[in-house]
Amino acid sequence: MLGSGEVVNANLYDNVDLYRALKGGSKNFGIVTRFDMNTFQGGDIYGGIVVWSANAHALDNITSQTLNAAAAFAANPDYNPFTTFIVSISYVNALSGYYLNGQLEYTKNVTSAPPDFDAFLALPQVSSTERRDSMSNLAVEFAAQSPKGIR
Amino acid sequence: MDAGLAVETLYPVNVLYTAEQATYWAAQNGEIKPACFFRPRSTLDVSKGIKLLVGNDCKFTSRGGGHSPNPGFNNIDNGVTIDNSLFSNITISSNRSYVSIAPGARWENVYRYVEQYGLSVTGGRLAGVGVAGLVLGGGLSFYAPRYGFACDNVRNFEVRLHQRDFSTVA
């Protein structure tokens with residue numbers, strides 16, 4: 001319909017260089033007008049937000065314990081590919097301290113955390129919303145934790 | 001930009017222009033003032049828009065979810081910002097092995113769509129993040145240890161090429 005080669009498909013068989021370049025190539029080559037993305041068996045997963053401290057300081061025990069747990073988790077040679085985690089530390093002006101929290105996810109349809117997260121969950125926590133839920137609901141919760149306008 | 005294009009173009013005088021600026025996640029990008037926001041609804045709209053922009057040597061950029069905090073990634077001074085947020089349809093293939101996603105879609109909409117079929121995709125972790133920026137920048141998801149980056153799970157990209165002589169771009 002457009003004729004002059006302005007709109008192309010890039011995949012393993014056509015425009016292979018472009019297909020490769022777009023992975024990380026951002027908008028430098030053109031505007032992508034359609035993404036054909038593979039699907040896979042889904043279903044609910046286990047995830048949420050754990051808060052270890054709402055006003056930690058850099059030298060608090062809880063801070064170093066949480067970071068140590070994160071380092072050990074990532075370095076584990078038997079890393080469980082169904083698990084992911086994020087640990088974040090954000091300075092909060094109003095509290096004059098660091099909001100130390102994490103998101104622990106297990107991409108299986110279960111109602112409790114796998115043993116892989118024991119070290120994180122053994123630490124004293126302020127709160128936890130970890131539960132079984134849909135990816136969409138979890139994404140909404142995480143977005144609410146990072147509202148626009150403050151970065 | 002309106003010439004021959006029956007699509008929405010927002011100029012600074014329009015209240016929707018100001019509303020658009022407020023939708024950016026990062027203030028440093030919401031404060032940028034493009035000459036206009038051009039809002040295509042289809043590949044054809046995008047194609048005609050790029051033809052006009054390149055033909056007139058205009059500076060332009062694009063935005064989808066508007067979530068990038070990197071200054072200047074998704075908005076532009078003295079240029080046109082192509083806003084894909086009205087171009088956001090999602091359609092599953094007949095054998096359900098892939099979904100076709102338009103650039104302005106956001107991850108919450110993609111998940112809610114594929115969840116109807118008991119499926120998932122390697123998408124972003126925040127509901128309002130746009131598909132285009134995340135995928136074209138790599139893309140982390142909760143499924144990454146199993147399936148890799150979001151971009152590695154795209155079997156095909158339909159692309160409207162810039163067709164610009166890169167040697168003349170400053």
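These are my notebook entries on the two chains of this predicted model and on the interface between them.

**Entry 1: chain A**

I began with the secondary structure of chain A and found four helices and nine strands, which follow one another along the sequence in the pattern β-α-β-β-β-β-α-β-β-α-β-β-α. I then looked up the radius of gyration, which is 21 Å for chain A, whereas the globule rule gives 15 Å for 151 residues, so I note this chain as more spread out than a compact globule. Along the principal axes, the C-alpha atoms of chain A fill a box of roughly 65 × 35 × 30 Å.

**Entry 2: chain B**

For chain B I recorded six helices and eight strands, and from the N terminus on I read the order β-α-α-β-α-β-β-β-β-α-β-α-α-β. Its radius of gyration is 17 Å, which agrees with the value near 15 Å that a compact globule of 170 residues would have. The box that I noted for the C-alpha atoms of chain B is roughly 45 × 30 × 30 Å, again taken along the principal axes.

**Entry 3: extent of the interface**

Turning to the contact between the chains, I found that 57 residues of chain A and 71 residues of chain B take part. The area buried between chain A and chain B is about 5900 Å², and carbon and sulfur atoms give 60% of this area. On the side of chain A, the residues that lose the most area to chain B are F35(A), M37(A) and F40(A), which together make up 16% of what that side buries.

**Entry 4: polar links and the make-up of the chain A side**

I next looked up the polar links and found 38 residue pairs in polar contact across the interface, with both residues at pLDDT 80 or more.

Which strand of chain B do four bridges join to β2(A)? I found that it is β6 of chain B, residues 98-101, and that the two strands run antiparallel. Within this pairing, I noted that F35(A) has I101(B) of β6(B) as its bridge partner, and F35(A) is also among the residues of chain A that lose the most area to chain B.

Technical notes: Residues are numbered from 1 along each chain as its sequence is written. Chains are lettered from A and ligands numbered from 1 in the order in which they are written. This is a predicted model: local features need pLDDT of at least 70, side-chain atom pairs count only at pLDDT 80 or more; totals for chains, interfaces and linings use all residues. Side-chain values use heavy atoms; hydrogens and water are left out. Contact means heavy atoms within 4.5 Å. Buried area is the accessible area (1.4 Å probe) that two parts lose on being put together, summed over both. A polar contact is a pair of N or O atoms within 3.5 Å; within protein, one must be able to donate a hydrogen and the other to accept it, and residues adjacent in sequence count only if both atoms are side-chain atoms. Two strands pair if DSSP finds at least two bridges between them. The radius of gyration is taken over C-alpha atoms; the globule rule is 2.2 Å times the number of residues to the power 0.38.
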